[in-house]
Structures are given as structure tokens and as C-alpha cells.
Amino acid sequence: MKTGILLLNVGTPDDPTPEKVGVYLKEFLMDPDVIDIPWPLRWILVNVLIVPKRSHASAEAYQKIWTERGSPLKFHMEDLCQRFGDALGDQYRVVYGMRYQNPSVRSALQLLKSWGPERILVVPLYPQYSLSSTASGEKEVHLQLKDLGIKTPVKFMAPFYRDPDFIEASASLIEPELKGADHLLMSFHGLPVKQIKKMDSSGAHCLARGDCCAQVTPANEKYCYRAQSYETARKIVAKLGWPDEKYTVAFQSRLTQGWIQPFTDELLPKLPKQGVKTLVVACPSFTTDCLETLEEIGLRAREQFLQAGGEELRLVPCLNAAPQWVGALSRMIQRI
């Protein structure tokens, strides 16, 4: 059966200039699933207050990680499409689309439509569910499918935060970095507390007590990003056989104090005081290296840790287009 596969990721600016970064930020932040306030207020917040201030600083950050091939997020996605497609064979066509900027979801679906698949599998490359990534991406796919008149049967891969193949691939990249290390920090992207609570239909479970994410239950297994992040960490640590007392979960990229805790940037300076000299940092909410992993952790977090008295911070590469991940994805799509 001819099968089209759409790999879905967040996106990246076309160039690391303030102008192009500003275009990217506007599209991203105007998404109501990212900033869920009324449109007029969101427009003012984004176009008047946020983007004019952030576009230059963000452009400088992107320039630090930009390569001859361009944005790391983009070229890693290109490599993954190529290697994944080669592994699957001629009956599959693998394309990728970005929720924001290029190549767009629409352009990716147009490629699949012209190829004429008998079915389409959509793979959001977000291990844990969130409104601002998973839900927003799925809405965009449905919108473009309808607009393009694509009637081909479509299935979506569910969040794979505890999928054994994802866990094994992740652990295989972390394990070599642990030799001689004192501690493992798993840093997940942060989200506003309000957004986490919004997905608790009961209104009585989410963050109602300190241990609400200590295990996956029917109340949090489908939509709770925080609970799914902790479950990913537990599964990886168990696969590695790494001691529980030698790893920590934290959340990065926060904008305010009203985001889920603990915060990565507040934890880092405390670790050297606890005797941690060699720190390994993995980012299991990202399958592809990007600004948040390479610049925020690989540059800024490393400097923060060293200034606090640490001696070495080892950043584990994301899955990117590693053979382990290509193999894992090949097995995972068979279960969609």
C-alpha cells in the first residue's frame, strides 16, 4: 500500500536575521493555542510588546547555532526524511512540514497529494502532548487537508512519551555520556501552568497535590504534559539502570513564574553546591536539536553551570536522524 508519511515539527526562521525571526515569532505567538487570550489583546501583546523586543535578541541566539546548512532543526529534519524514507522503501514517501514557517504543512501535504498515496500517516514529533504543539499541529493538518481537498484516509501517531522504541533510542544516546558523570538532568520544555490545568477535564486532579504526576493514571495519561514528561524520565532512567538519586527532572524556556516547575535555570546553580561537578543534560521533549537545546542548554546553561562551580556539562544530542531513531520510527509507525 502506497503510504505517505508527514513528519510534523514546530518550525524555525528562514534566516537568523531580526526581520525573519520577527516573522517567525509573529506566526508562532499569534497562534491561539500558544497564547490563549482574545485576538485583539494577543495582537497587541505580540506585535507591540513582544516581537519588537525579542526579535533582535532571538536573532543573536539563532546566529550562534546557525550552520552552513542553515537551521539545525531544518537540516536534521531533511536528514531524517531521507534516512527514514530509505529505510521504509518505495511504498512510502516521507515528507516534513513545519507548523510555523517553511516548509509549511500545506506544502508538505501538496507533495503527498501529487504522489497519490492510499493512506497518510501524520507523525507529530512531540513525545509528550501539549496544546501548543500537538493540538495546534493537528488542527493545522486538518485545516490544510480540507482546503486541499485531500480525501485520502489519514491517521495520527499518538504521543509516544513511553513507547519502548522511543525510550530505547533515547537511552542509547544518553548512555555514552554518563561515563564518569555525577548527575543526569532531564530538561523538558516548560509550559504555562494554566495550559496544563486546562487539559484536566475533571478540574480536580492537575497540580491539586505535590505528587499528582508521580505516576501515570487514567486522569493524566492522555493529555497531561507534565505527567508524561516525568514518565518519560522514569522510563529512560529504568532503561539505563541509572540510580534514582542521581537524576533530576526540570523544565526550561520559561517566560514567567507561572510556568510548571522546577525550573532548569534555577536548578543549575544549586547542583555544584551538592557536589555535582560533571553534569549530563538530556532534553527528551525535543526529538530534534534546535535553539532550545543548542543555545539555551549547550551555551547558556553550560556557562551558568560552570560559573556556579561545575566543571563539565555534557549536552546529549537529540535523536535527530540517528540510526537508532530511524529504526525506532520504522517500528513505531507499524503500530499506528
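This is a predicted model: local features need pLDDT of at least 70, side-chain atom pairs count only at pLDDT 80 or more; totals for chains, interfaces and linings use all residues.
View 1. Helices (H or I, at least four residues) and strands (E, at least two) are DSSP runs, numbered from the N terminus. At the start of α6, a side-chain oxygen of Asp163 reaches to within 2.8 Å of the backbone nitrogen of Asp165.

**View 2. The packing of α6 against α12.** Helix α6 (residues 164-174) packs with helix α12 (residues 323-332) at an angle of about 175 degrees, their axes lying 9 Å apart, where axes are lines fitted to C-alpha atoms over the stretch in contact and angles run from 0 to 180 degrees between N-to-C directions. That angle makes α6 roughly antiparallel to α12, a term used for angles over 145 degrees. The contact (heavy atoms within 4.5 Å) is made on the α6 side by Asp165, Phe166, Ala169, Ser172 and Leu173, and on the α12 side by Gln324, Trp325, Ala328, Arg331 and Met332.

**View 3. The cysteines Cys212 and Cys213.** The structure holds zero disulfides, a disulfide being a pair of cysteine sulfur atoms within 2.5 Å. Cys212 is in no disulfide, and its nearest cysteine sulfur, that of Cys213, is 3.8 Å away, a distance that is too far for a bond. Cys212 is buried, with a relative accessible area of 3%, and Cys213 is also buried, with a relative accessible area of 5%.

**View 4. The surroundings of Asp31.** Asp31 lies in the loop between α1 (18-29) and α2 (39-65), and this residue is buried, with a relative accessible area of 5%. Leaving aside its neighbours within four places in sequence, Asp31 is in contact with Arg42, Arg99, Tyr100 and Ser136. With Arg99, the side chain of Asp31 forms a polar contact of 3.3 Å, that is, a pair of N or O atoms within 3.5 Å, of which one must be able to donate a hydrogen and the other to accept it.

**Notes to all views.** Residues are numbered from 1 along each chain as its sequence is written, and side-chain values use heavy atoms, with hydrogens and water left out. Local features need pLDDT of at least 70 and side-chain atom pairs count only at pLDDT 80 or more, whereas totals for chains, interfaces and linings use all residues.

Technical notes: Angles under 35 degrees count as roughly parallel, over 145 as roughly antiparallel, 65 to 115 as roughly perpendicular and the rest as oblique. Buried means under 20% relative accessible area, exposed over 50%, partly exposed in between (1.4 Å probe, protein chains only).
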